Amino acid sequence: MPSRPQLPRPHRHDVLIALCGLLGGALMWALGVSNNHPFFHAPRSLGLIALVVISAAVLLRRSRPLIALGVGTAALGIDVLSGGLSVTFLIYTDLVYAAVMYSGPLAARRIPQLCGLITGLATVVPLAIFGNPVTLLIGPFVALLTLTPAWTGTVVRNHREEAAAARLEAERVALLAELDRREAVASERSRMARELHDMVANHLSAIAIHSSAALSLKDPAATDEALGVIRENSVRGLTEMRRLIGLLRDPGDTSEPAATSTLDALDTLLEQARTNARPGGQDIVLCDERPDGAAPLPAPVELAAYRIVQESLTNALKHAAPGRVDVTLAHRADGPLEVSVISPYGDREGPRAPGSGTGLIGMRERVSLLGGTLDAGPVTGPRGTVWRVRAALPRGDESAQSVP
């Protein structure tokens, strides 16, 4: 059998209001205190019945406010016929207030309008019927009974809705701030990972290659040369690590701990790469096709180009077959800066340094931040199959607009 619907449990405050109203009204009724004489010789017991009914309606003031108001209106009419108890009138004003507070938006707007209409009719109609100016007092009494609690409920409801809207807005702002914070943290972690990789990976790769060579070769001279390269790269790597750690430990220091890498330092980078290369390995050649007297490039573009060349050379030293490595820089008028690094592609003998693939990811992130393009992979050309890294970096206003 389907279960019968049950009325919601009344709020404990509503139960307390109903009990206080019932007991207070019963005491006034027992003492014979009433507002007027009964109309049409109605029995006084109707006042007690009306009191019980309207007190029971209070239990529904939150869960079923419109039903409670309808029941209370009928009980108020019965109470008026029996002479009227002040407690019944007071309870009715609370039912009007609750109907505006806890009903739906439409009813909350219509009830004050209806109360205003009833107040106007209560002012005009008795005066028109009886022609006695004293009947004008009925209008203010009805206003106190209906319009005043309705307006009070409207004001309180509007304040509560505004407070709820303010809380939601505060929660939304806090959520957006938290999302921005997380995004900033993720972006900073990604930037730190790129910088750490670009600063240290080159030195560690050279150390790995030459240490493996020193272990596999039995030539004392080759071993001494490899140990020298290992020491040089370990010292440089430690210096870069100290610089990065010092920057992380002192976030309040806004000054740069060292000059930002630019394309003017490419010669030093290439010379270092030639030193780190194995004997008989890669021959690194720079071809700078940029026109003389060209406008200086923005610092982010030069840093990205420098890091792309650095990472490409590191990958060539780790993985490329013996042969020539071409590094090319070029740009046309109003065009992007083009960076190209071409290295031999194929298997090679001897030890290899392990790779993680994060170098290509870092290059793509740098190029993406500038709104450029990056292609990396094997291609077939006049020299056979080679590994080519080619990046196009917008410069000037072009890059400034694309950086987030």
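Good morning, everyone. The model is predicted.

The mean pLDDT of the chain is 81. Of its residues, 80% reach 70 or more. Where is confidence highest? In helix 4, residues 86-102, with a mean of 93. It is lowest in helix 11, residues 397-402, where the mean is 43. Two stretches need care. Over residues 254-258 the pLDDT is below 50, and beyond near neighbours in sequence this stretch has three contacts in the model. Over residues 398-404 the pLDDT is also below 50, and that stretch has 11 contacts beyond near neighbours in sequence. Where pLDDT is low, the predicted coordinates should not be read in detail.

Next, the annotations. An unreviewed UniProt entry lists residues 15-33, 39-60, 67-91 and 111-129 under "transmembrane region". Look at two of those spans in the model. Residues 15-33 are 89% helix and 0% strand. The end C-alpha atoms of residues 15-33 are 25 Å apart. Residues 67-91 are 84% helix and 0% strand. Here the end C-alpha atoms lie 15 Å apart.

The unreviewed UniProt entry also lists a "coiled-coil region" at residues 158-185. In the model, that span is 100% helix and 0% strand. Its end C-alpha atoms lie 40 Å apart.

Now the packing. Two packed helices are described by the angle between their axes and the distance between the axes.

Pair one is helix 2, residues 45-58, with helix 3, residues 65-81. Their axes are 8 Å apart, at an angle of about 165°. Over 145 degrees counts as roughly antiparallel, so that is how helix 2 and helix 3 run. Their crossing is left-handed. Which residues make the contact? From helix 2, Leu46, Gly47, Ala50, Val53, Ile54 and Ala57. From helix 3, Ala68, Val71, Gly72, Ala75, Ile78 and Asp79. Sort the residues of this contact and you get nine nonpolar, two polar and one charged.

Pair two is helix 1, residues 12-31, with helix 4. The axes come within 8 Å and cross at roughly 155°. Helix 1 and helix 4 are therefore roughly antiparallel too. Helix 1 brings Gly21, Gly24, Gly25 and Met28. Helix 4 meets them with Ser86, Val87 and Ile91.

Pair three is helix 2 with helix 4. Their axes come within 10 Å and cross at roughly 25°. Why call this pair roughly parallel? Because angles under 35 degrees count that way, helix 2 is roughly parallel to helix 4. The crossing of helix 2 and helix 4 is left-handed. Helix 2 supplies Leu51, Ile54, Ser55, Ala57 and Val58. Helix 4 supplies Val87, Thr88, Ile91, Tyr92 and Leu95. The residues of this contact divide into eight nonpolar, two polar and no charged.

One last thing to find on screen.

Note on methods: Residues numbered from 1 in each chain as written. Predicted model: local features only at pLDDT ≥ 70, side-chain atom pairs only at ≥ 80, totals over all residues. Heavy atoms only, no water. UniProt positions renumbered as here; feature names shortened; annotations may be inferred. Helix = DSSP H or I, 4+ residues; strand = E, 2+ residues; numbered from the N terminus. pLDDT = per-residue confidence, 0-100. Contact = heavy atoms within 4.5 Å. Axes fitted to C-alpha atoms, helices over the stretch in contact; angles between N-to-C directions. Parallel < 35°, antiparallel > 145°, perpendicular 65-115°, else oblique. Left-handed = near helix turned anticlockwise from the far one by under 90°. Nonpolar A, V, L, I, M, F, W, Y, C, P; charged D, E, K, R; others polar.
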